[in-house]
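Hi,

Here is the structure I promised to pass on. Have a look at it first, and then read my notes below.

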Amino acid sequence: MAKNLLIVESPAKAKTINKYLGKDFQVLASYGHVRDLKPKEGAVDPDHGFAMAYEVIDRNEKHVDAIAKAAKVADDIYLATDLDREGEAISWHISEILKERGLTQGKQLHRVVFSEITPKAIKAAVAAPRQLSLDMVDAQQARRALDYLVGFNLSPVLWRKVQRGLSAGRVQSPALRMIVEREEEIEAFKAREYWTVEAALRHPEGDFSARLTKLHGKKFEQFDLTNEHDAMAARAALKEAAHGRLTVTEVGSKERKRRPAPPFTTSTLQQEAARKLGFSTSRTMKVAQGLYEGVSLGSEGNVGLITYMRTDSVALSEDAVVELRELIARDFGRKALPDHAQTYKSKSKNAQEAHEAVRPTSAMRTPREVAAFLNDEQRKLYELIWKRTVACQMIHATLNTVSVDFDLKHVAGGDAAFRSTGTTVVDPGFLAVYEEGRDQKSAEDDDEGRRLPKLEVGEQVALHDIVADQHFTEPPPRYSEASLVKALEEYGIGRPSTYASIIQVLLNREYVFLDSRRFKPTDVGRAVSKFLTSHFTRYVDYDFTAKLEDELDAVSRGEEAWVPLMERFWQPFKQQVDEKTETVDRSEATGARELGSDPKSGKPVSVRLGRYGPYAQIGDKDTDEKLQFASLRPGQSMHTITLEEALELFKLPRKLGTAENGDEVSVGVGRFGPFVKQGSTYASLKAEDDPYTIELPRALQIVQEKLEMIANRIIQDFGNGVQVLNGRFGPYITDGEKNARIPKDQEPKELTEAQCIELLAAAPVKKGRGAFKKTAAKKAAAEKKPAAKKAAAKKAAAKATEKKAPAKKAAAKKATTKTAAKKTAAKKAPAKKAAAKKTSAKAGA
């Protein structure tokens with residue numbers, strides 16, 4: 001039996017580490033978090049020092065039990081969860097569970113941390129353990145309590161004022177605000193026209209172009225030419241003055257150095273993987289997690305290929321730098337090495353420099369050597385990390401920029417000038433391995449790689465043509481995943497471990513969606529953001545959110561206590577929630593807009609946000625008995641729709657004609673989208689069908705397909721409610737209340753009524769809404785037990801563990817068993833699990 005128990009977070013990591021520590025260690029996984037706040041109101045108690053009520057997470061109960069069982073027989077326990085705050089908190093929760101179960105008496109609890117899963121790093125960490133950092137645990141508890149209090153108190157306000165089922169998050173809400181404000185900038189943007197002028201020049205060594213830099217005796221600015229008339233007049237004057245050639249008046253050359261980018265942090269890794277590989281932030285983190293925890297390299301077994309991927313540090317260990325310099329000298333030559341190792345310092349004031357940047361655990365494992373053992377995504381990400389890390393220790397790139405000026409005298413309106421620039425690489429340095437991506441290209445980028453012919457002052461170059469091009473200014477671009485992560489980092493919102501989850505939450509809640517890989521807010525997202533920005537301004541303020549992150553960092557460093565931080569946040573927040581619940585008007589909260597009047601009825605036309613999304617309305621609910629409603633079409637927004645576009649929506653339902661049997665055929669839009677109706681038959685339109693333009697023949701075809709599907713669905717009908725049907729997963733038997741599987745050796749068409757009834761009798765009852773309500777009612781009744789009864793049960797359980805007099809022990813055991821049985825019954829109810837899961841999701845918002 002192993003003397004030592006070492007606990008990590010994931011089974012993959014456990015598998016890799018297990019072979020490094022030998023038979024004296026048993027390595028088990030916690031499978032992530034082991035405890036969380038109880039998913040109901042009151043799990044954080046502001047009136048009693050923000051006391052937090054935790055419970056073991058259902059899905060991880062068996063893993064916790066396995067850890068407890070191993071801890072019981074182990075001499076020493078090593079807590080080796082991840083090295084960030086989240087990992088520290090998981091270790092603390094495991095230690096608290098073991099203490100509660102009386103499994104730590106007489107045993108040493110060690111905290112070990114490592115940033116890479118290699119034999120050397122693991123053995124060094126186990127040889128030099130430390131104590132749990134309660135400061136880091138406090139910071140994580142404070143973060144969880146803040147998120148819980150915001151979720152449980154702000155979400156119900158959104159339900160009442162905007163839409164049922166919505167939720168607000170402490171960190172996600174400022175991120176949503178960024179996306180919405182960018183969308184509003186784009187909508188408010190007014191394009192401006194401007195013209196550029198270029199000279200197309202011909203030279204024996206190669207044609208090139210030169211852009212206009214001076215016109216009418218002064219520097220040529222972007223908006224000097226704003227219409228076609230002026231641009232063509234300028235072009236004509238320049239052509240006339242040139243007489244078919246331009247004369248070189250000045251040649252300049254400037255050498256500059258470009259330094260390599262620092263090694264990856266979490267945020268820069270996510271940005272580059274989005275730019276270069278098209279990975280989402282969550283995909284990047286998932287693939288990186290696999291590379292960190294270990295990949296099977298054939299005879300070598302499981303090997304961790306990269307260091308820990310949640311970090312804001314750009315530091316590299318001395319051993320890593322030595323190995324990188326050896327690799328560079330071997331593969332790129334001594335000339336590619338700088339005299340001294342390159343060092344980098346993080347811009348983040350809260351960066352934990354004791355941690356390392358994301359790097360390969362061994363640079364000597366080149367992408368080519370490990371490619372055969374990796375899947376496509378792993379290979380791409382590993383290569384990206386490897387190249388960036390190697391490049392950061394290489395010599396700078398040397399670039400040479402040549403600029404050539406051409407002056408034109410005697411142009412109508414004053415002298416003019418053109419300039420051509422080109423940049424060539426003198427020494428590629430680190431660029432031989434890696435070049436950092438950019439979200440937007442600059443004029444400098446366009447010049448790179450352009451080589452100008454060798455020109456001298458006084459030389460005349462043939463002018464092929466002068467070209468004037470029309471342009472329009474463009475609105476700021478929507479955020480991509482890369483640029484949003486960059487903005488979050490710059491504003492100090494969130495931390496390395498949270499960027500991916502922030503984005504995923506916004507997508508999952510359908511507050512935003514990706515349009516050509518750029519974030520666009522939905523109408524619901526805009527309503528939520530507008531409501532929070534208008535009424536909870538402080539809590540979606542970028543500076544306030546960043547300051548709160550700084551205070552949490554101060555808690556993690558032991559510089560600030562977490563309870564006073566919570567008190568400063570909670571009192572004004574709770575007061576504002578109570579006030580806004582009473583005072584805010586729902587129409588204003590949802591961003592309802594009045595567009596004008598209906599020309600037919602004279603009634604007001606407005607757009608609003610309803611339970612099933614945005615819709616248009618004709619009439620006023622206060623003055624009109626009957627209102628007309630129409631859902632917005634896909635792609636339409638209640639924030640940009642015009643009166644004319646809204647009135648078009650009321651052309652539905654449309655009567656298309658009649659079927660052969662005389663049934664009227666119409667088309668409309670319902671809760672589940674556009675549909676055709678023929679008599680009593682409804683059929684959904686296909687994605688390519690437009691309810692506003694569809695014609696009778698196509699509508700009849702859709703109805704016919706639906707009728708054929710219904711006919712084919714029934715294999716047998718015994719006339720008493722019992723049917724054999726074709727279902728999504730194959731044939732089955734039903735009586736409306738129960739469904740039964742058909743034995744594999746039985747032909748569905750040959751089943752008799754008696755056989756079907758027998759199979760139905762043995763089938764389980766369907767768990768529908770009724771079952772949910774019944775279980776929920778039982779749960780509610782159980783939760784309403786008097787406090788005294790609960791206290792008695794608790795007292796009895798305590799007596800049972802004391803192991804005193806046999807009589808007392810038996811009585812206590814009986815009481816404990818009875819209480820435990822009730823708890824188990826409540827726990828097994830699926831409705832409780834579903835309800836708890838739903839509530840928990842809202843609390844974590």
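The chain has 26 helices and 31 strands (DSSP runs numbered from the N terminus: helices are H or I with at least four residues, strands E with at least two). Please keep in mind that this is a predicted model, where local features need pLDDT of at least 70 and side-chain atom pairs count only at pLDDT 80 or more, while totals for chains, interfaces and linings use all residues. Residues are numbered from 1 along each chain as its sequence is written, and side-chain values use heavy atoms, leaving out hydrogens and water.

Of the 845 residues, 46% count as buried (buried is under 20% relative accessible area, exposed over 50%, partly exposed in between, with a 1.4 Å probe and protein chains only).

The structure holds 48 salt bridges, each a side-chain nitrogen of Lys or Arg within 4 Å of a carboxyl oxygen of Asp or Glu. One of them joins Arg111 and Glu88, at 3.0 Å from N to O. Arg111 sits in strand β8 (residues 108-111) and Glu88 in helix α3 (residues 85-100), so this pair ties together parts 23 residues apart in sequence. Arg111 is buried, at 1% relative accessible area, and Glu88 is buried too, at 0%.

Another bridge links Asp465 and Arg235 at 3.2 Å, N to O. Asp465 belongs to strand β17 (residues 460-472) and Arg235 to helix α7 (residues 228-242), so the parts tied together are 230 residues apart in sequence. Arg235 is partly exposed, at 24%.

There is also a network of salt bridges linking Glu272, Arg275, Lys276, Arg388 and Glu436.

Enjoy exploring!
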